[in-house]
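Here is a short tour for anyone meeting this structure for the first time.

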Amino acid sequence: YTDAYELGLRSISLGGALVVNASAFYQQLNDYQTSLYREFTDPADCGTATPPCFLSVSGNLPQVTIRGIELDASYRIGGFNFRASAALNDIYYSKDVLLAVNEENNVPGMPIGQRIFQAKGERLANTAKYSWNVAADYRRPVAGDYDFHVDANYNWRSRYNSSAQRSVYGIYPSSGVLDLGVGIGAADRSWDASVLVKNVLDSERRIANPLATSYVPATPRWVGVQISGRL
């Protein structure tokens, strides 16, 4: 269950061309379900490990707190439409919780008490504290019933750790990705054909599932065609 509070403001000006939204929020998630490391002493549970052992199981954390600020704005002028958003999200363990230490410090033979750490106050894994996004598109009528359009989007997020155990191998660096598109479609939006270029700058900084011995590389730049429509 959760207790959540939010305060928001909305401003519309310049004849509706400029729209700005802002909100501040505070939320407490109680009995937050996630993967936890628990101590087991039964050899049947530990398998090939020597009891006592720590195993990953599904369980509930006492409490997680989320607080932050979100801003977004859009501005329309002529055939141009601009959008921007930014967020500060602070997500952390707000009550006592014991987690296993990271793999590089979990040395075989280490006393069981040294294989866990108090995570209260630590950020949750896979949560970037800061993020922002800017986008722009231009649309212009051509040949009567058709629209030509160009779109650009840049998304950035700050560094974060994908490992609940705070492994140095789980750190994602701060990174940004730029996507572009150009296309033509029906003026009533019934169909559209676009050429898309993802990760235009060919950023290699976004990776997935980094471990001590492996990682999944970022998706490289690619070009594709997208066709969409409605009946």
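Contact here means heavy atoms within 4.5 Å. With that in mind, look at Ala119: leaving aside its neighbours within four places in sequence, Ala119 is in contact with Tyr93, Val97 and Leu99. Bear in mind that this is a predicted model.

Those names come up again in the core. The largest nonpolar core has 16 residues, and Ala119, Tyr93, Val97 and Leu99 are among those with the most contacts inside it, along with Leu61, Val64 and Ile66. Strand 2, strand 3 and strand 4 each hand at least two residues to this core. As a bit of background, nonpolar side chains in soluble globular proteins tend to be buried together.

How do strand 3 and strand 4 pair? Strand 3 covers residues 53–77, strand 4 covers residues 80–93, and the two run antiparallel over 14 bridges.

Which of them are buried, and which is partly exposed? The table has the values.

| Residue | Relative accessible area | State |
|---|---|---|
| Ser23 | 13% | buried |
| Cys53 | 5% | buried |
| Val182 | 35% | partly exposed |

Ser23 counts as buried because its 13% falls under the 20% cut-off. Ser23 sits in strand 2, residues 18–40. Not counting residues up to four places away in sequence, Ser23 touches Glu6, Leu7, Gly8, Gly68, Ile69 and Glu70.

Cys53 belongs to strand 3. Again skipping residues up to four places away in sequence, Cys53 touches Arg38, Glu39, Phe40 and Cys46. Leu14 is another matter: Leu14 and Cys53 are 39 residues apart along the chain, and their C-alpha atoms are separated by 64 Å.

Val182 lies in strand 11 and takes us out to the surface, where Val182 is part of a nonpolar patch. Which elements give two or more residues to the patch? They are strand 8 (146–157), strand 11 (175–186), strand 12 (191–198) and strand 13 (222–229).

Key
Residues are numbered from 1 along each chain as its sequence is written. This is a predicted model: local features need pLDDT of at least 70, side-chain atom pairs count only at pLDDT 80 or more; totals for chains, interfaces and linings use all residues. Side-chain values use heavy atoms; hydrogens and water are left out. Helices (H or I, at least four residues) and strands (E, at least two) are DSSP runs, numbered from the N terminus. Buried means under 20% relative accessible area, exposed over 50%, partly exposed in between (1.4 Å probe, protein chains only). Two strands pair if DSSP finds at least two bridges between them. A nonpolar core is a set of buried Ala, Val, Leu, Ile, Met, Phe, Trp, Tyr and Cys residues joined through side-chain atoms within 4.5 Å. Patches are made of residues with over 30% relative accessible area and no salt bridge: like charges are joined within 9 Å, nonpolar side chains (Val, Leu, Ile, Met, Phe, Trp, Tyr) within 5 Å. Accessible areas come from the Shrake-Rupley method with a 1.4 Å probe; for residues, only the protein chains shown count as cover. A salt bridge is a side-chain nitrogen of Lys or Arg within 4 Å of a carboxyl oxygen of Asp or Glu.
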